[in-house]
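Here's a quick tour to go with the picture you're about to see. Keep it open while you read, and try to find each spot as we get to it.

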Amino acid sequence: TSHWQQPRAVFLTGSTGFLGVYLLAALLRQTAATVHCLVRAEDAAAGRVRIQQQMQFYQLWQEAFAPRIVPVIGDLALPRFGLDEVNFSELAASIDVIYHNGALVNAMYPYARLRASNVGGTVEVLKLAGMHHTKPVNFVSTLAVFFSDVYVDQIVLESDYATVDAGL
């Protein structure tokens, strides 16, 4: 049975990034789901601390969120995110929907440096989505935001708001 509209379990990549913490908070506020967050850390306890600290930094943390956040220790750049086959399969069987927000974002890096995380990570997300039962994938990408014609010959600051380019 599909539970993507009212998920019981969500898989989220990029939960410790700027957009990711807001996405995680929204998922926790707007659903009753447990959110399995892919996070680079030594172990689950360190992963939980990292997620909580990021949410606290952006003033999004609520203690009631704690039981619904499940750190999944891994890395987008690795096959199966670094999980063994059993844990990857169990994760795939337990989730209803995927929010793939994680990426290595650096406009100065060459494609070769970005490929493992951004392309390989997306391939692994799609494998996860198709395993056991089909799960919807919500893909988030900020790559093209500041690469439109609107920003040619312009310095872009972190505080700038994106301008929509109708030509995209």
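T16 has a relative accessible area of 16%, so T16 is buried. Keep in mind that what you're looking at is a predicted model.

**The overall layout**

- The protein chain has four helices and five strands.
- Walk along from the N terminus and the elements go β-α-β-α-β-α-β-α-β.
- How many of the residues are buried? Of the 168 residues in the protein chain, 35% count as buried.
- Now look at contacts in the protein chain with a separation of 6 or more: 70% of these are between residues 24 or more positions apart.
- The protein chain has an accessible surface of about 10300 Å², and carbon and sulfur atoms make up 56% of that.

**Around T16**

- Where does T16 sit? You'll find T16 in the loop between β1 (9-13) and α1 (18-30).
- Leaving out residues up to four places away in sequence, T16 touches V21, V39, R50, I51 and Q54.
- With R50 there's also a polar contact: the side chains of T16 and R50 are joined at 3.4 Å.

**Salt bridges**

- There are two salt bridges in the structure.
- One of them brings together the side chains of R8 and D96, with 3.4 Å from N to O.
- Why does this pair tie together parts that are 88 residues apart in sequence? It's because R8 lies in the segment before β1, while D96 is in the loop between α3 (85-94) and β4 (97-100).
- Are these two partners buried or exposed? R8 is at 52% relative accessibility, so R8 counts as exposed, whereas D96 has a relative accessible area of 5% and is buried.
- K127 and E124 also form a salt bridge through their side chains, at 3.1 Å from N to O.
- Both K127 and E124 belong to helix α4 (residues 111-130), where they are three residues apart, or about one turn of the helix.
- K127, at 46% relative accessibility, counts as partly exposed, but E124 is buried with a relative accessible area of 8%.

**Aromatic rings**

- How many aromatic pairs are there? Counting rings of Phe, Tyr and Trp with centres within 6.5 Å, you get seven aromatic pairs.
- Take F81 and F88: their ring centres are 5.8 Å apart and their planes are at 50°, so this pair is tilted.
- Both partners are tucked away from the surface in the sense we started with: F81 is buried at 0% relative accessibility, and F88 is buried with a relative accessible area of 2%.
- Which rings join up into a cluster? Ring pairs link F18, Y22, F57 and Y58 that way.
- Have a look at Y109 too: the charged end of R113 sits over the ring of Y109, 4.0 Å from the ring's centre.

Definitions and conventions. Residues are numbered from 1 along each chain as its sequence is written. This is a predicted model: local features need pLDDT of at least 70, side-chain atom pairs count only at pLDDT 80 or more; totals for chains, interfaces and linings use all residues. Side-chain values use heavy atoms; hydrogens and water are left out. Rings of Phe, Tyr and Trp (its six-membered ring) pair if their centres lie within 6.5 Å; planes under 30 degrees apart count as stacked, over 60 as edge-to-face and the rest as tilted. Buried means under 20% relative accessible area, exposed over 50%, partly exposed in between (1.4 Å probe, protein chains only). A charge sits over a ring if NZ of Lys or CZ of Arg is within 6 Å of the ring centre and within 35 degrees of the ring normal. Helices (H or I, at least four residues) and strands (E, at least two) are DSSP runs, numbered from the N terminus. Contact means heavy atoms within 4.5 Å. Accessible areas come from the Shrake-Rupley method with a 1.4 Å probe; for residues, only the protein chains shown count as cover. A polar contact is a pair of N or O atoms within 3.5 Å; within protein, one must be able to donate a hydrogen and the other to accept it, and residues adjacent in sequence count only if both atoms are side-chain atoms. A salt bridge is a side-chain nitrogen of Lys or Arg within 4 Å of a carboxyl oxygen of Asp or Glu.
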